[in-house]
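Here is my note on the model you sent. The points are numbered so that you can check each one against the coordinates.

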Amino acid sequence: MSTVYLSMSTDIIHGGHMNIIEKAAELGDLIVGVLTDDVVASYKRFPLLAYEERVKIIKGIKGVSKVVAQDTLSYRKNLEELKPDYLVHGDNWKEGFQSSIRAEAIEVLASYGGILKEFPYSSDAQYQRLEDASRDRLSIPDVRRSRLKKLLGMKTTVSAIEAHSGLTGIIAEKTQVLEDGKAYQFDAMWVSSLCDSTSRGKPDIELVDMTSRLRTIEEIMEVTTKPIIFDGDTGGLIEHFVYNIKTLERIGVSACIIEDKTGLKKNSLFGNEVVQTQDSIEHFCEKIRAGKKVLKTSDFMLIARIESLILEQGMDDALKRAEAYVEAGADGIMIHSRLKDPAEIFEFCEKFRARDTTTPIVVVPTSFNGVTEAEWAEKNVNIVIYANQLTRSAFPAMQNVAETILKNHRAKEADDMCMSFKEIITLIPEE
Ligand code: SPV
Ligand code: MG
């Protein structure tokens with residue numbers, strides 16, 4: 001009997017899937033490769049059902065004789081291992097980024113005499129509605145909140161980019177790079193105090209109050225589904241923090257990072273060029289304990305940010321604090337530095353990991369930006385935050401256009417620097 005291979009990622013089975021399974025099973029003994037969660041999340045929406053659940057569903061479908069994991073978008077590994085007589089796929093992968101995956105699959109099939117069978121792809125409007133409804137579910141607070149922890153379990157390194165408005169939220173949500181059969185997206189969003197303040201024309205000194213910051217989150221949440229990591233600055237007074245952290249959890253934020261500074265907070269990238277005071281270990285631990293105590297779910301993460309390297313207090317102080325903060329209940333440690341050379345961050349990661357193998361480590365590589373995500377993964381870093389690049393790129397672009405208009409006393413010369421007005425009016429379509 002011939003063997004047939006078909007790959008599936010879906011968590012909602014509809015008639016279109018049943019049709020292709022039926023056709024594939026007619027060709028022989030059908031093995032379905034179920035895409036693992038991290039692969040699905042990289043090119044599609046975050047799966048509503050985890051891999052194990054999807055396997056259970058697909059195993060139960062008539063005609064499926066075996067289910068295996070497919071842990072890349074590429075078919076090479078599974079085709080080489082299983083050498084099926086047929087590979088079945090919808091014909092929608094002939095065009096676009098999947099065409100290189102198709103070409104590779106054809107090459108592997110040819111190496112052992114396998115055959116590609118393509119069937120017309122069913123693009124029924126009701127299937128699209130089902131997909132849209134599933135995407136909407138991801139923005140429900142409970143679902144959104146839980147996604148960061150899920151991602152940490154799925155990926156070695158989770159990436160987050162700053163968002164400070166609906167528009168930047170859309171960029172964080174939708175930007176995708178599809179290249180050579182691989183897909184990349186940001187996993188999460190960082191609601192930066194620097195960018196939230198800057199977009200309001202205010203300095204980053206905890207001047208933008210919590211009500212306004214919650215409005216920013218709300219604006220982002222209205223148009224996105226990805227998990228949110230909130231920059232909670234110092235967390236403020238413990239008496240206030242316990243209310244604010246509960247609100248963040250309730251509305252569906254996944255994590256709040258608070259830094260161990262006290263008094264008038266200034267941005268960390270100033271370092272000791274301005275007066276900044278580090279909190280005592282005892283007091284900051286009290287804040288962590290108080291925050292953890294009021295949380296209702298195990299999904300929400302309170303992450304402690306250590307400013308010892310920023311304030312030149314040394315590695316031993318940073319490590320001592322990390323240990324104390326984890327002991328107090330912190331669900332993660334963010335270590336920050338303003339040096340271009342990542343050596344001190346690397347050293348911290350190695351020394352911290354030698355003592356603690358599980359607590360997630362977060363980094364914000366603004367100055368030490370030469371390190372790739374793969375290199376962070378090697379250092380056992382779990383979350384990489386691109387904290388301010390959207391704001392830093394938008395401001396000079398806008399300023400340049402404003403200057404060009406002033407110089408020319410008209411907008412014609414600035415037009416090439418702008419997207420067309422046709423594009424801007426259709427950028428955000430009505431639902
Ligand atoms: C922010 O984005 O507001 C941060 C990171 O706190 S940093 O600006 O590097 O301090
Ligand atoms: Mg900040």
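1. Which residue lies over the face of Y243? It is K246, at 5.6 Å from the ring centre. Another lysine, K83, has its charged end over the ring of Y112, 5.9 Å from the centre. The rule for a charge over a ring is NZ of Lys or CZ of Arg within 6 Å of the ring centre and within 35 degrees of the ring normal.

2. A word on the basis. This is a predicted model, in which local features need pLDDT of at least 70 and side-chain atom pairs count only at pLDDT 80 or more, while totals for chains, interfaces and linings use all residues. Residues are numbered from 1 along each chain as its sequence is written, chains are lettered from A and ligands numbered from 1 in the order in which they are written, and side-chain values use heavy atoms, with hydrogens and water left out.

3. Aromatic pairs come to seven. Rings of Phe, Tyr and Trp (its six-membered ring) pair if their centres lie within 6.5 Å; planes under 30 degrees apart are stacked, over 60 edge-to-face, and the rest tilted. F186 and Y386 have ring centres 6.1 Å apart and planes at 65°, so they are edge-to-face. This pair links distant parts of the chain, 200 residues apart: F186 is in the loop between β8 (182-185) and β9 (188-191), and Y386 is in strand β17 (residues 383-386). Helices (H or I, at least four residues) and strands (E, at least two) are DSSP runs, numbered from the N terminus.

4. F186 is partly exposed, at 23% relative accessible area. The scale is buried under 20%, exposed over 50%, partly exposed in between (1.4 Å probe, protein chains only). F368 and W376 make an edge-to-face pair, with 5.8 Å between centres and 70° between planes. Both of these residues, F368 and W376, are buried. Y5, Y75 and W93 form one aromatic cluster.

5. Look at the magnesium ion (ligand 2). Its protein donors are S193 (OG) and D231 (OD), 2.1 to 2.2 Å from the ion. S193 sits in helix α9 (residues 193-198) and D231 in strand β10 (residues 228-231), so the pair ties together parts 38 residues apart in sequence. S193 and D231 are buried. Donors here are N, O and S atoms within 2.8 Å of the metal (3.2 Å for Na, K and Ca); water is not among the atoms, so sites may look incomplete.

6. There are zero disulfides. The test is two cysteine sulfur atoms within 2.5 Å. For C195, the closest cysteine sulfur is in C256, 16 Å away and too far for a bond. C195 is buried, at 1% relative accessibility. C349 is in no disulfide either; the nearest cysteine sulfur, in C285, is 20 Å away.

7. Now the spaces. On a 1 Å grid over the protein atoms alone, a cavity is a set of points where a 1.4 Å probe fits but cannot get out; a pocket is an open set with protein on both sides within 12 Å along at least five of seven lines; lining residues have an atom within 4 Å of a point. The second largest pocket holds about 550 Å³. Its lining has 19 residues, with L167, A394, F395, A397 and M398 closest to the centre. Helix α16 (389-408) is one contributor of at least two residues, and α16 gives the most, with seven.

8. Cavities of 30 Å³ or more number two. The largest cavity has a volume of about 160 Å³. Closest to its centre, among 21 lining residues, are L194, N267, R305, H336 and A387.

Key. Points joined across faces, edges and corners; volume = space filled by probe spheres on them.
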